[in-house]
Amino acid sequence: MNIQSSESVLIVDFGSQVTQLIARRVREAGVYSEIAPFNAAEEAFARMNPTGIILSGSPASVLDDGGPRIPDVILESGRPILGICYGQQSLMHQLGGEVTGGDGGEFGRAFIEIEDECALFNGLWNLGETHQVWMSHGDKVTSLAPGFRPVASSPGAPYAVIANDEKRIYAMQFHPEVVHTPDGGKLLKNFVRHVCGMSGDWTMAEFRKTKVEEIRAQVGDNRVICGLSGGVDSAVAAVLIHEAIGDQLTCVFVDHGLMRMGEAEQVVSLFRGHYHIPLVHVDASTLFLKGLEGVTDPEAKRKFIGKTFIDVFEDEAKKIGGAQFLAQGTLYPDVIESVSFTGGPSVTIKSHHNVGGLPERMDMKLVEPLRELFKDEVRALGRELGLPDVFVGRHPFPGPGLAIRIPGEVSRDRCDILRKADAVYLEEIRNAGLYDAIWQAFAVLLPVKTVGVMGDSRTYDNVCGLRAVTSTDGMTADIYPFDAAFLSRVATRIINEVKGINRVVYDYTSKPPGTIEWE
């Protein structure tokens, strides 16, 4: 990461699957934060010079030989430290306390009792109260290191929260970063504001100003080429870069013919008409749809679309010529998830096309102005840059587009049918004032035909599935509970207005066990 802040928090990741949520909560408190794997934490500490440090949870045990450790430079820094779950146990293990395992642990919802006052509880929790938290631990602290005192306990964790006020080191056995700890975000805010003494003035306006200066310094007089997918991330990256370097930027919009209704036209109008950004619009829909003929496997679809997108973009870049930099809309979760801890407790969750591949082929340097941001922060930056809310606030849309919302073979006709049904569905959601309450809503064209009756005639047409979910981060999701009248109205409109569909169903599956998309 390049961005620097006078106030920052270093989050040392010991391999927890929810470490990203810690960074999100800290940023929601107005403080810049970065995540570093435990085995790179010493370098990150030297580079960032952070105001405070948070230690994450882990699937590992401090009792294992060779388990992840807190770097000595952090323990000896004198900076405020907050340990979470494994972070608490590692603090005690390394500072002279005791941790024991194999005693059953606590998993899921638990209740802690507040036994003493603590800076983390300021204005939030009071002596003698009981509060809900989320536990997920097998080991537990059974003896405190010198200088620490207990301030809260639970039935399964006698030292649920501990404090060393003199050294400003605090730790908790539960996870404040997850939504199942209702006051968790406020606890983290108390740590960064009251314990670390930070003002919490990190804003999108400040990020915008800093990033524009960085882009200018990085690019100089050179030219930049940016591939637009039609989504929010690449669009925000392009507008930010254009603000920094003007017509040194050229955007290439590869239209694969798999977007929602009107989106391709919206992208062209926004960039050429509103922002006057040099834009090459490539209608490659015939190439993509021809290549998808006979392809039914979801992964085969994804791979073909990804490879073809790169091929088309590379051809257009060669035609333009002269660009030394490639701009990408890489986000912070892409960067985090593409890091594998060598010898550590975590593994690579998934690879991301934005993180590697294309630059090597094209021999260009990368400009990735969003790689410090989470998705919701990108939307906030888009609004800060003046992008219209109807564009910035759009529901997430997969890179392969409608191809993975059409199980089975994809064709132009099936795309057109799905586009119309999807547009009707989203229009009704907007008319009902529900769009912003839903994380993602879309139609799916199923590879199933059913018998129907329309106008006293027999029909044999497609089934359309409707999907709508609520979520905070896409990692888990619940179905949106539309009332029957709304679903009936949508189904009636789709069947009446979209030729080729005679039956509509609603998907009631949460994630897990399902995924949000069908493929």
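**Exercise 1. Count the salt bridges between domain 2 and domain 3.**

Solution. A salt bridge is a side-chain nitrogen of Lys or Arg within 4 Å of a carboxyl oxygen of Asp or Glu. Between domain 2 and domain 3 the count is zero. The model is a predicted one, in which local features need pLDDT of at least 70, side-chain atom pairs count only at pLDDT 80 or more, and totals for chains, interfaces and linings use all residues. Residues are numbered from 1 along each chain as its sequence is written, and side-chain values use heavy atoms, with hydrogens and water left out.

**Exercise 2. Locate the domains and describe where domain 2 touches domain 3.**

Solution. Step one: the assignment (bounds from an automatic or database domain assignment) gives domain 1 as 8-194, domain 2 as 204-392 and domain 3 as 412-506. Step two: nine residues of domain 2 and seven residues of domain 3 take part in the contact, where contact means heavy atoms within 4.5 Å.

Step three: the two domains bury about 700 Å² between them, with 57% of it on carbon and sulfur atoms. Buried area is the accessible area (1.4 Å probe) that two parts lose on being put together, summed over both. Of the area that domain 2 buries against domain 3, Arg260, Met261 and Leu289 supply 59%, more than any other three residues.

Step four: four residue pairs are in polar contact between domain 2 and domain 3, both residues at pLDDT 80 or more. A polar contact is a pair of N or O atoms within 3.5 Å; within protein, one must be able to donate a hydrogen and the other to accept it, and residues adjacent in sequence count only if both atoms are side-chain atoms. Helix α9 (residues 285-291) gives the most to the domain 2 side, with three residues. Helices (H or I, at least four residues) and strands (E, at least two) are DSSP runs, numbered from the N terminus.

**Exercise 3. Find a salt bridge that links distant parts of the chain.**

Solution. The rule gives 28 salt bridges. In one of them, the side chains of Arg24 and Asp376 meet at 3.5 Å, N to O. Arg24 is in helix α1 (residues 19-28) and Asp376 in helix α13 (residues 375-384), 352 residues apart.
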